[in-house]
Amino acid sequence: MPRAILRSQRITLLRSVVLVLALLSAPLAGAQAPAAGPSPQMAAAQAGFEALPEAERKAIQNDLIWAGQFNGAVSGSYGPLTFRAINAFKGARGPADGLLPAAERAALAKAAQAARDAAGFKLLADDKTGVQIGIPQKLLPKRDVTPSGGSRWQSADQKVTLDTSTTPPGGEDLAAIFEKAITVSPNSPRKITYKLLRPDFFVVTGETPTGRFYRRLSAGPQGLRGFSIGYDKALAPSVDKLVIAIAASFEPFPTGAVPAQPAAVAGATASPSSGLSSLLAPAARTNERYGVALALNERVALSASSAVDNCRTLRVGSRNAKLRLKDDASGLVLLDLEGTGAAKPPGLRSEAAGASEALVLVAYGNDAGKRAAVALPGQGVQAASKPALKAPLQPGQAGAPAFDRQGRLVGIVTDNPSDKILIAGVAPQRSYGFADATAIQAMLGKAGVALPTAAAAAGAELSTGAVVERVSSAVQPIICGL
């Protein structure tokens, strides 16, 4: 692989560290049982939904938030949360098919607008920071300026406060601010419930004994811009939904004028032919499946059989690959890689992960249609007396390696999540099959491939970023042609 490409992938990996440790809160998340897989009804509903213009798709999800049925990200993508939210809104008025006929779409738009009006929700261009944000003005009628020069909106009793902020270019780094935001002293009553770091923004939420808070900060050419909201815990049943709506409305670097109020409640007067009930041909689906591989040397990589089964063609990174050995007992495979490439494999840890030990998984996910590297939190568990791993995985992340806080390989995820589940825009922690160090050593011994074990080193644990930097050259995406 050319050095420039490898360096680019490593930079992408380091800048795409995602720390998803918990859901926003129990009331926002709701009880969302993992789906067994997309049903024919959901597939048909998804095809119709994805045929709509993007503004209409996002408007439906936004309206579902205001109707109290949806707590995911307003992305325009159709998944189990949107399917369930539509069915919940319809109730007994129609079949649970995830479709919105024209009359139901109009009813949804009307209900959402009534909820917006009740909150006095209005999109505003903040003259202090330049952000665009929706403000529930009936809840937050008091407006002031923060000590740092941003805008502040408060409830009359000061139990809810929303602040905007801005920092010009050249100030403190986004990642450094994130680390400060998630740092909690041992005796502090403050608890972080959700933390997410991306190259261009972060989100941190948490709670204290009496309150909750949400903070988002984004980076761009104009510097850093963000907002935070804190509120009394007793108000959570009503404010939680507003937090989702405010976050969905937030534009740190808007272009053009503030859109009409609300932002594209399209479809309220749509003709039946343009609604979700239209009988449309299923949209074309990709003929690729994805996974993750760990390069053991220049020519051999380790992965999970669930990532490569039934592949007609196989690539690891930019190199063609072929199956060398499959071990059904462990669920592991070895792959031979064509050409040459540089990789610095990690040492293998011989001892099993502790029950409460925090691990770092390196995988790949979908980012605007591209495979982007992410780092995810994991925790070793036991399932039916077998090693397992609890982690927020999504489809296409089978084969993801897990590392301890010294950068040593602990094991490989062997299950491939069959469904994409997001709760409040976050993948939930679920249990997956896991091949530990013992299984890896046995597999490598059959193939005559060596991966040296690494003893624990003295000193402090590494940060997630430092672990990723240590292993980034060895972790590669798998592209399986079906």
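Which handedness does the link of Cys 311 and Cys 480 have about the S-S bond? The link is left-handed, with -115° about that bond. The structure is a predicted model, in which local features need pLDDT of at least 70 and side-chain atom pairs count only at pLDDT 80 or more, whereas totals for chains, interfaces and linings use all residues. Residues are numbered from 1 along each chain as its sequence is written, and side-chain values use heavy atoms, with hydrogens and water left out.

A search of the whole structure for disulfides (pairs of cysteine sulfur atoms within 2.5 Å) returned one. The S to S distance between Cys 311 and Cys 480 is 1.9 Å. Helices (H or I, at least four residues) and strands (E, at least two) are DSSP runs, numbered from the N terminus. Cys 311 is partly exposed, at 21% relative accessibility, while Cys 480 is buried at 0%. Buried denotes under 20% relative accessible area, exposed over 50%, and partly exposed the range in between (1.4 Å probe, protein chains only).

Strand 12 pairs with strand 13 (residues 319-327) in antiparallel fashion through two bridges; strands pair if DSSP finds at least two bridges between them. Arg 315 has Asn 320 in strand 13 as its bridge partner. Two residues separate the strands of this hairpin of strand 12 and strand 13, and Gly 317 takes a positive phi near 65°. Strand 13 is also joined to strand 14 (residues 332-337), again antiparallel, by six bridges. Leu 325 stands opposite Leu 334 of strand 14. The hairpin of strand 13 and strand 14 has four residues between the strands, with Gly 331 in the turn at a positive phi of about 80°.

Five aromatic pairs are present. Rings of Phe, Tyr and Trp (its six-membered ring) pair if their centres lie within 6.5 Å; planes under 30 degrees apart count as stacked, over 60 as edge-to-face and the rest as tilted. Trp 66 and Phe 121 form an edge-to-face pair, 4.8 Å centre to centre with 65° between the planes. Trp 66 belongs to helix 4 (residues 54-66) and Phe 121 to strand 1 (residues 121-125), so this pair ties together parts 55 residues apart in sequence. Both Trp 66 and Phe 121 are buried. Elsewhere, Tyr 214, Phe 227 and Phe 250 are linked into a cluster by ring pairs.
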